[in-house]
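Have a look at it first.

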Amino acid sequence: MAELGSKGVTAGKIASNVQKKLTRAQEKVLQKLGKADETKDEQFEQCVQNFNKQLSEGTRLQKDLRTYLASVKAMHEASKKLTECLQEVYEPDWPGRDDTNKIAENNDLLWTDFHQKLVDQALLTMDTYLGQFPDIKSRIAKRGRKLVDYDSARHHFEALQTAKKKDETKIAKAEEELVKAQKVFEEMNVDLQEELPSLWNSRVGFYVNTFQSIAGLEENFHKEMSKLNQNLHDVLLGLDKQYSGNAFPVKAQPRKKTKLFARLRKKMSSDSTPAKANKSPSPPPDGSPITSPETKTVNHELEPSTLEAPGASIPKSPSQPAEAAHAGAEAAGSEAAAGAEASKTEADSGSSSLPAVVVETFPPTVNGTVEGGASSERADMPPGFLFKVQAMHDYTATDSDELQLKAGDVVLVIPFENPEEQDEGWLMGVKESDWIQRKELDQCRGVFPENFTERVQ
């Protein structure tokens, strides 16, 4: 019997809840259609908007704080591995071995303490702050449902009162339900009206305390870490003094491509023996003539943009030294003479001569503009000037196309005439002092390793 009674009560509650949901749904439809008025409280609605904003901001802050803590933990692991690496490479007989071990231990403890304090003083406080929002959010939703019940009871009571045929019993019962619904709603409404503004105002103090805690913890952490770093610096300084003769040299990145002026010297060397360098192909042993007029001769020592016909002079470009241009002109004359001699020999033997290699030269460009044009030139800078760098280390040139640098030298960087000539990690430029004195690029410019300098303008 007890089980049946219990089941009957449960079934009754379910039926009652279903009926309430249907009544609320019907009331909401009538309100949306404008057939029933809705109780409005603009002040409370503003409180609800503030609550939702506060919840959104708090949730974001909690998420970002967790990300920050994850980053601190990752930095801890990275720092730990770095100090472990130092311990492994630090030889037992080096001075300061015990100090480095102690520094590594304190470094690990400092990171651990920093992370734990962030959790205790920031994250847990954040979790407590947000922990009150779900209950309030649930009460706000329940208040909304009770407001609909109140409006529904009010409309039902008003409908019975205005009916043509009045039933006093129904009117009395409807009035009783209205009073009950109004009481339940007003109790919840009063509590939230007091609680929501207080919660909204509390956010200021919470944000202040949270970020003050984080800032204070960071400040102390960095102070202690700075002391450890200074201690490590002193230990390594002592090691450096003992082994000062084994300083680590700064090296330039190796140049893999053909060097600019080395190519010109190779060309000049090959042109010094024109008869051998420009010798025409010999006819076959059987005396048959060469019949391949479309065969093209390509000089692999010259760039495609600098090839030219035999007998033509080599124009002097801003990037070529005067000697290279002069040697090129002489080489071209030698090539012309050799070509004429070869043509004469082939004519006597009845064989057809090979076609001349036709070469065009083009002025260098920077960003699509001819170098030296108005758009790429400054009055006080070399043509195509890009930016300034300052040498941080001395650099001893290893080739004639490289600049000799001393720490402190300022270099004006200019583009390569042919971008394909630029090696990775190397720049083209002219020392500012040379440019001011001579205003010439031919004898002053050269390449230099970028990692020996830093940009200053």
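Over which residues does pLDDT stay under 50 while the model has 83 contacts beyond four places in sequence?

## Confidence first

That's residues 287-332. Here pLDDT is the predictor's confidence in each residue, from 0 to 100, and contact means heavy atoms within 4.5 Å. Residues 335-347 also stay under 50, with 14 contacts beyond four places in sequence. Where pLDDT is low, the predicted coordinates should not be read in detail. Across the protein chain, pLDDT averages 77, and 67% of the residues score at least 70.

This is a predicted model, so local features need pLDDT of at least 70 and side-chain atom pairs count only at 80 or more, while totals for chains, interfaces and linings use all residues. Numbering starts from 1 along each chain as its sequence is written, and side-chain values use heavy atoms, leaving out hydrogens and water.

## The helix pair

Helix 2 (residues 42-89) and helix 3 (residues 97-131) have axes that come within 10 Å and cross at roughly 170°. That's why the two count as roughly antiparallel (angles over 145 degrees, on a scale from 0 to 180 between N-to-C directions). Their contact has 17 nonpolar, 12 polar and 6 charged residues.

## The sheet

An open sheet is built from 5 strands in the order 6-5-4-3-7, with antiparallel pairing (strands are DSSP runs of at least two residues, and two of them pair if DSSP finds at least two bridges between them). Strand 6 (446-449) and strand 7 (453-455) sit at the edges with a single partner strand each, so one side of each has no neighbour in the sheet. The twist averages 50° from one strand to the next.

Strand 3 (residues 387-391) and strand 4 (residues 410-414) are joined by 4 bridges. Lysine 388 has leucine 412 in strand 4 as its bridge partner.

Key. Angles under 35 degrees count as roughly parallel, over 145 as roughly antiparallel, 65 to 115 as roughly perpendicular and the rest as oblique. Ala, Val, Leu, Ile, Met, Phe, Trp, Tyr, Cys and Pro count as nonpolar, Asp, Glu, Lys and Arg as charged, and the others, Gly among them, as polar.
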